Every structure is written in C-alpha cells, then in structure tokens.
Amino acid sequence: MNEEYDVIVLGTGLTECILSGIMSVNGKKVLHMDRNSYYGGESASITPLEDLYKRWLRVPGTILESMGRGRDWNVDLIPKFLMACGQLVKMLLYTEVTRYLDFKVIEGSFVYKGGKIYKVPSTEAEALASSLMGLFEKRRFRKFLVYVANFDENDARTFEGVDPKRTTMRDIYKKFDLGQDVIDFTGHALALYRTDDYLDQPCQETINRIKLYSESLARYGKSPYLYPLYGLGELPQGFARLSAIYGGTYMLNKPIEEIVVENGKVVGVKSEGEIARCKQLICDPSYIPDRVKKVGEVIRVICILNHPIKNTNDANSCQIIIPQNQVNRKSDIYICMISSAHNVAAQGKYIAIVSTTVETNEPDKEIKPAMDLLEPIEQKFEGISDLFSPTDLGRESQIFISRSYDATTHFETTCDDIKDIYKRMMGSEFDFEEMKRKKNDIYGEEEQQ
C-alpha cells in the first residue's frame with residue numbers, strides 16, 4: 001500500500017477492469033482495489049445459486065431441489081451481449097484477452113409486434129419469408145438495406161442525394177417509403193436505439209449502427225451477438241489478468257476508508273489506516289457518491305425457466321426487443337436469454353433477464369408485456385438500480401468516475417464511456433492501437449511452466 005502509483009482503480013466492474021488493463025499496457029503503474037471479495041462489482045456473475053438467493057430474497061434458505069447443483073449456475077446481475085464486430089470485441093482482440101475466454105453465438109434475435117414475437121430477419125431469404133412485413137414492404141426494405149450496405153461516408157457517390165450530416169433518419173425512411181412497423185424494428189432491433197429521439201438526428205450515426213449490426217451478423221450467421229461461456233463475470237477477470245501481466249497490483253476485500261484530496265486534486269486512497277498515493281483515480285459511482293448525480297432507474301428481473309421461450313424455435317439463447325411504440329412507452333424493453341449451453345445454468349434450465357428504463361411509479365406494470373412472454377416462471381429475482389452519471393469530469397480533481405450500466409443489452413454504450421474516460425485522462429483520443437499487447441510481454445500461462 002505505501003507506494004506511489006500512476007493510477008489507482010476502485011471497483012472491478014468491466015469499465016474499471018478494461019481501463020486498468022489499458023493503463024497497464026501503456027506502462028503505467030496501477031493499483032486496483034475492490035471492497036468486495038469477488039470480481040465484477042455491479043457487472044458480476046453470481047455463483048453458486050445460493051448466493052443469488054441470499055442477495056435477493058434476503059433469506060439464507062436452501063435453493064429449490066429442482067434447481068440442480070448451485071455450482072452449475074453463473075447468473076449475471078447485468079445482462080448484456082457482445083456485438084460480433086462491436087467495440088468490446090475489438091478491445092478483446094487487440095489486447096488478446098480472447099485467449100482467456102470462450103464465446104458462443106446467441107442463436108436468434110427477435111422483435112415484438114402486436115403481442116407476438118418475430119425473428120429479426122438475418123438473411124435476404126429470411127427477410128422475404130418473414131411475416132413481419134407485407135410483400136411490397138419487403139421490396140422497399142430490401143432496397144433500403146442495399147443502400148445501407150453500399151453507404152460509405154467517405155464516398156459521396158454512395159449518398160444518393162442524401163447529406164449524412166444533415167438529412168434526418170426520418171427523411172431516409174420517407175425516401176424508401178417504409179411503414180411504422182418496419183421503422184420500429186429497424187430503429188430498435190437493428191440500430192439498437194432505446195428511444196425514438198434518433199429519428200430527428202442526422203442519419204449517418206443510424207446508418208453506421210445498422211451496418212455494424214449487418215457486419216456482426218455476417219460474421220457468424222445466426223445473430224450478431226456473442227456471449228462468454230461461464231457468464232459475463234469472465235470479462236472483467238480477463239482484463240484484470242491482462243493488467244496483472246503488465247505489473248498491475250490487485251487487492252480484493254479491501255475496505256476503502258477515504259479518497260484523499262489536497263487542493264482539489266486526488267493524491268491517494270486510504271485503506272485500513274494506510275495511504276496509497278496516486279496521480280489519477282478511476283472508480284465506479286458507489287465509491288464517491290458526492291461527485292455523481294442520479295439520472296434514472298433501471299428495473300431488472302432475473303427469471304429462471306425450465307423451458308425455452310415460446311415461438312423462438314426452442315433456441316438455447318436469444319434476445320427479444322420490445323420497441324417502445326408497441327407498448328406505449330418512451331423506451332424499449334429487453335429480454336436476454338441464455339442457458340446450460342453457456343455453462344451458466346443447470347441442465348435443462350434457462351435464465352431470462354428482463355430489463356428496461358423505469359418511466360412510472362409502477363415498474364412492475366411496465367415490464368408485464370415481457371414477463372407474459374416468459375410464462376411459466378419457476379423463480380424470479382427483481383431489483384431496481386439507480387443510474388448514476390459523474391458531476392465531476394476529473395479535469396481538476398483527476399478523479400474519473402464511470403457511468404452506471406444502462407438497460408441496453410449490448411456493450412456499445414459501456415465502450416463509449418471507456419473511450420470518454422480515456423480521453424479525459426490522457427488528453428488524446430482513444431486509439432485501439434494503444435491497446436495492442438507489447439511483443440516482449442510474458443503471457444501469464446508461460447510463466448507457470
């Protein structure tokens with residue numbers, strides 16, 4: 001503890017562990033502490049199942065006989081999938097953290113329309129056969145997809161009279177004469193927007209999001225999403241291992257007594273009477289409540305099922321998006337489902353997690369359309385989390401606080417936060433090349449031979 005560090009990181013959530021890994025690869029001396037005895041913070045995977053019961057139901061009762069062995073379970077507290085061509089996969093590949101993890105493709109992506117769920121078409125053949133749209137709508141949608149695929153922001157010939165920085169997405173939908181249902185599933189199941197605010201923004205961002213979806217889908221075919229075996233808790237551990245290989249020091253179970261600030265700038269962290277000194281500090285909102293503000297709430301319900309979700313072709317894993325217009329809301333409802341195929345549940349069991357941004361005083365009613373799709377439910381654990389955003393951006397204090405994990409089921413918003421913190425800390429744009437492992441590092445596994 002009694003040493004001088006470049007960076008101290010508090011909390012082992014995914015955002016913190018990735019930043020810790022990047023800083024270590026960049027040659028900074030890093031100390032990483034967590035008051036918990038496990039990795040992952042808010043984004044942990046809980047095992048055994050008994051611990052989930054204790055955490056949620058507040059009773060140390062025994063788990064139901066029908067649940068199998070508690071050790072067979074790894075239940076994510078915050079459900080998310082990785083886009084196959086998204087930023088997090090890029091970070092994993094550049095840092096070679098992929099060598100510590102195994103991934104499986106999620107079997108299908110579905111969208112809710114008029115009380116039923118439909119597969120999001122993943123190929124031209126599926127699009128033509130899909131009952132999401134009528135025949136003429138399909139032709140127009142196909143033209144739109146061809147336009148998106150050919151669109152290149154560096155080549156004005158691909159714009160077809162559109163100004164990507166000024167033409168709104170609403171105008172693009174008009175250009176292709178797409179109806180409301182198609183707009184709903186394009187904006188929410190392909191571009192993955194949570195609300196309809198994007199309609200009046202310049203179209204470039206949306207077109208790039210749909211391209212990301214299509215490219216991710218093209219990589220593996222079934223869906224654009226990947227998920228790590230043994231749960232999302234493996235991700236922070238992979239980046240923690242990267243940091244350790246580059247000399248990062250880790251301490252779990254470490255109570256944090258005080259963040260020491262002198263003349264408005266962080267100088268260290270006090271724990272168990274000792275002070276570790278630092279030039280910069282990274283932490284999650286729970287470590288410094290007086291420098292964050294509440295910006296909303298997310299309700300998440302973890303449901304254990306003994307059957308796949310109906311109308312998903314008995315998929316072992318899937319995502320279902322309920323666009324807000326379909327249920328008269330302002331933001332979407334998400335369902336992520338995984339199973340024993342991912343080593344996160346006992347044989348024959350499925351974990352479905354429903355999440356959405358809270359909009360009323362009756363969040364239970366808000367998620368009812370999603371819960372109805374999952375019946376019958378064997379066991380459920382419900383929680384409402386506050387969403388925090390930093391009020392101190394760290395320019396003076398050199399304290400850099402991450403944002404809470406939102407309701408989205410992908411990691412793109414988390415990666416945006418990582419890039420934003422990096423830029424504020426380093427004073428330069430985030431560059432994936434900076435994450436490349438140095439050729440002369442010793443891989444962890446070689447050390448042990």
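This is a predicted model: local features need pLDDT of at least 70, side-chain atom pairs count only at pLDDT 80 or more; totals for chains, interfaces and linings use all residues.
Me: Which strands stand at the edges of the seven-stranded open sheet?
Reply: The seven strands follow the order E8-E7-E15-E16-E17-E14-E18, and their pairing is mixed. Each edge strand has a single partner strand, so one side of each is left without a neighbour in the sheet. The strands at the edges are E8 (116-119) and E18.

Me: In what sense do E7 and E15 pair, parallel or antiparallel?
Reply: Within the sheet ordered E8-E7-E15-E16-E17-E14-E18, Ser 109 stands opposite Gln 319 in E15. Three bridges join E7 to strand E15, which covers residues 318-322, and the sense of this pairing is parallel.

Me: Which residue in E9 stands opposite Lys 104?
Reply: Three strands form a separate entry in this account, an open sheet in the order E5-E9-E6 with antiparallel pairing. Its edge strands, each pairing on one side only, are E5 (82-83) and E6 (103-105). E6 is joined by three bridges to strand E9, residues 225-228, and the residue of E9 that stands opposite Lys 104 is Tyr 227.

Me: How are H1 and H9 set to each other, roughly parallel or roughly antiparallel?
Reply: Helix H1 (residues 14-25) packs with helix H9 (residues 234-245) with axes 8 Å apart and an angle of about 20° between them. The crossing of these two helices is left-handed. Angles under 35 degrees count as roughly parallel, and H1 and H9 are therefore roughly parallel.

Me: What is the handedness of the crossing in which H5 passes H7, left-handed or right-handed?
Reply: Helix H5 (residues 135-150) and H7 have axes 12 Å apart and pack at an angle of about 40°. That angle makes H5 oblique to H7. The crossing in which H5 passes H7 is right-handed.

Me: What is the volume of the largest cavity?
Reply: The structure holds four cavities of 30 Å³ or more. The lining of the largest cavity is made of Leu 14, Ser 43, Ile 78, Lys 80, Leu 232, Leu 235, Pro 236, Tyr 405 and Phe 411, and by class it has seven nonpolar, one polar and one charged residues. The volume of the largest cavity is about 70 Å³.

Me: Which elements give two or more residues to the lining of the second largest cavity?
Reply: The second largest cavity holds about 40 Å³ of space, and its lining divides into five nonpolar, one polar and three charged residues. Among the residues that line this cavity are Val 111, Tyr 112, Lys 113, Asp 181, Asp 184 and Phe 185. The elements that give two or more residues to this lining are strand E7 (109-113) and helix H7 (180-190).

Me: Which element supplies the largest share of the lining of the largest pocket?
Reply: The largest pocket has a volume of about 650 Å³. Of the 31 residues that line this pocket, the closest to its centre are Glu 42, Arg 55, Leu 77, Ile 78 and Ser 385, and by class the lining has ten nonpolar, ten polar and eleven charged residues. Helix H2 (49-57) and strand E18 (379-390) each supply at least two residues of the lining, and the largest share, seven residues, comes from E18.

Key:
Residues are numbered from 1 along each chain as its sequence is written. Side-chain values use heavy atoms; hydrogens and water are left out. On a 1 Å grid over the protein atoms alone, a cavity is a set of points where a 1.4 Å probe fits but cannot get out, and a pocket is an open set with protein on both sides within 12 Å along at least five of seven lines; lining residues have an atom within 4 Å of a point. Grid points are joined across faces, edges and corners, and a volume is the space filled by probe spheres set on the points. Ala, Val, Leu, Ile, Met, Phe, Trp, Tyr, Cys and Pro count as nonpolar, Asp, Glu, Lys and Arg as charged, and the others, Gly among them, as polar. Helices (H or I, at least four residues) and strands (E, at least two) are DSSP runs, numbered from the N terminus. Two strands pair if DSSP finds at least two bridges between them. Axes are lines fitted to C-alpha atoms, for helices over the stretch in contact, and angles run from 0 to 180 degrees between N-to-C directions. Angles under 35 degrees count as roughly parallel, over 145 as roughly antiparallel, 65 to 115 as roughly perpendicular and the rest as oblique. A crossing is left-handed if the near helix is turned anticlockwise from the far one by less than a right angle, and right-handed if clockwise.
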